[in-house]
Amino acid sequence: MTFTDSHVDRLLDAWVKNDRPETPSELRPSALVVEDESIQARVTASVLRRIGFDPVQVANSADQALELYNQHGQDFLVVDLCLPDMDGVQLIGKIRSGYR
């Protein structure tokens with residue numbers, strides 16, 4: 001499923017209005033937050049859930065993110081650039097190249 005700017009705008013507008021339309025769970029985009037700082041990860045995941053992403057999974061390392069992505073193939077990623085085991089740009093490169 002591909003999400004356009006209008007999809008994101010609608011989700012954000014609904015979140016700001018606190019009037020999010022109920023979307024069947026099978027149509028909700030999934031997300032993966034890759035962040036080694038636990039508070040930042042929780043806040044980011046919470047915002048994503050609030051605007052309609054479900055499920056939202058959190059990984060605290062690049063290795064864990066690769067494992068989760070290979071299992072679930074999330075629709076949307078939020079990646080910290082400075083991870084302890086690999087930088088975020090390298091992680092995105094591995095995901096884009098089809099790393100399994």
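Among contacts in the protein chain between residues at least 6 apart in sequence, what percentage join residues at least 24 apart? I found 65%, where contact means heavy atoms within 4.5 Å.

**Ground rules.** I noted that this is a predicted model, in which local features need pLDDT of at least 70, side-chain atom pairs count only at pLDDT 80 or more, and totals for chains, interfaces and linings use all residues. Residues are numbered from 1 along each chain as its sequence is written, and side-chain values use heavy atoms, with hydrogens and water left out.

**Overall layout.** I looked up the elements and found four helices and three strands in the protein chain. Their order along the sequence is α-β-α-β-α-β-α. Helices (H or I, at least four residues) and strands (E, at least two) are DSSP runs, numbered from the N terminus. I then checked burial: of the 100 residues, 30% count as buried. Buried means under 20% relative accessible area, exposed over 50%, and partly exposed in between, with a 1.4 Å probe and protein chains only. The chain exposes about 6,600 Å², and carbon and sulfur atoms supply 50% of that area. Accessible areas come from the Shrake-Rupley method with a 1.4 Å probe; for residues, only the protein chains shown count as cover.

**Helix α3.** Which residues of α3 are buried? I listed Ala 62, Ala 65, Leu 66, Leu 68 and Tyr 69. An α-helix has 3.6 residues a turn, so residues three or four places apart point the same way. The cover over the buried residues of α3 includes β1 (31-34), β2, β3 (76-79) and α4 (88-96). Just after α3, I saw that Gly 73 has a positive phi of about 55°.

**Into α3 from the loop.** Ser 61 sits in the loop between β2 (56-59) and α3 (62-72). Is Ser 61 buried or exposed? Ser 61 counts as buried because its relative accessibility is 15%. Beyond its neighbours within four places in sequence, Ser 61 contacts Val 34 and Asp 85.

I turned to Ile 95, which is in helix α4. Ile 95 is buried because its relative accessible area is 12%. Not counting residues up to four places away in sequence, Ile 95 touches Leu 66, Tyr 69 and Leu 77. Ile 95 and Tyr 69 are 26 residues apart in sequence, yet 8.0 Å apart in space, C-alpha to C-alpha.

**The salt bridge.** How many salt bridges does the structure hold? I counted one, taking a salt bridge as a side-chain nitrogen of Lys or Arg within 4 Å of a carboxyl oxygen of Asp or Glu. The partners are Asp 54 and Arg 28, at 3.3 Å from N to O. This pair links distant parts of the chain, 26 residues apart: Asp 54 is in the loop between α2 and β2, and Arg 28 is in the loop between α1 (5-17) and β1. Asp 54 is partly exposed because its relative accessibility is 32%, and Arg 28 is partly exposed because its relative accessible area is 23%.

Asp 54 and Pro 55 are joined by a cis peptide bond, with omega about 0°. Pro 55 is in the loop between α2 and β2, and counts as partly exposed because its relative accessibility is 45%. Leaving aside neighbours within four places in sequence, Pro 55 is in contact with Pro 29, Ser 30 and Ala 31.

**A surface patch.** My last stop was a nonpolar patch formed by Ile 39, Val 43 and Val 47, with about 250 Å² of accessible area together. Patches are made of residues with over 30% relative accessible area and no salt bridge: like charges are joined within 9 Å, nonpolar side chains (Val, Leu, Ile, Met, Phe, Trp, Tyr) within 5 Å. I placed Ile 39 in helix α2 (residues 38-50). Ile 39 counts as exposed because its relative accessibility is 57%.
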